[in-house]
Amino acid sequence: QVQLLESGGGSVQAGGSLRLSCAGSGFTVSIFCMAWFRQAPGSEREAIADIDGSGGVTYADSVKGRFTISRDYAKNTLFLEMNSLKPEDTAMYYCASNRRFWCPVFGARRGLDFGYWGQGTQVTVSS
């Protein structure tokens, strides 16, 4: 059965780092567009980063230079390396896939083109 499972969230001080993981089951992470989203209480879901089947990446302006999206082919896992974390990064983080080679237009349709989602992992950044 197709499944995505996030892990690696936690509580950190501002300026700290976390590495989130998204393990795929039932499909191959490396050949599809994969994306990270986040949602804070009272806020809309926000696209953070994506990576398409060719390895091309896109980042939201709010995380450029601080976050890095990548994949481990052998482990069939998607990663999000988060550095220089800020309190405004506090949110539930989700990985997702549209099971297509190319990603949708970045930030479009509130992620509705992504049919496969993980359960989320909480990131809390304190100042």
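Start with Arg19: in this predicted model, Arg19 lies over the face of Phe79, and the distance to the ring centre is 4.1 Å.

Now the rings among themselves. The structure holds seven aromatic pairs. I will go through two.

One of the seven is formed by Phe37 and Phe114, with an edge-to-face arrangement, 5.3 Å centre to centre and 75° between the planes. Where in the chain do Phe37 and Phe114 sit? Phe37 is in strand S4, residues 34-39, while Phe114 belongs to the loop between strand S9, 91-97, and strand S10, 116-117. They are 77 residues apart, so this pair links distant parts of the chain. Buried or exposed, for Phe37 and Phe114? Both are buried.

The other pair is Phe101 with Trp102. This one is edge-to-face as well, at 4.8 Å centre to centre and 80° between the planes. What about the accessibility of these two residues? Phe101 has 39% relative accessibility and therefore counts as partly exposed. Trp102 has a relative accessible area of 55%, which is over the 50% cut-off, so Trp102 is exposed.

Definitions and conventions:
Residues numbered from 1 in each chain as written. Predicted model: local features only at pLDDT ≥ 70, side-chain atom pairs only at ≥ 80, totals over all residues. Heavy atoms only, no water. Phe/Tyr/Trp six-rings, centres within 6.5 Å; stacked < 30°, edge-to-face > 60°. Helix = DSSP H or I, 4+ residues; strand = E, 2+ residues; numbered from the N terminus. Buried < 20%, exposed > 50% of the residue type's maximum accessible area, 1.4 Å probe, protein only. Lys NZ or Arg CZ within 6 Å of the ring centre and 35° of its normal.
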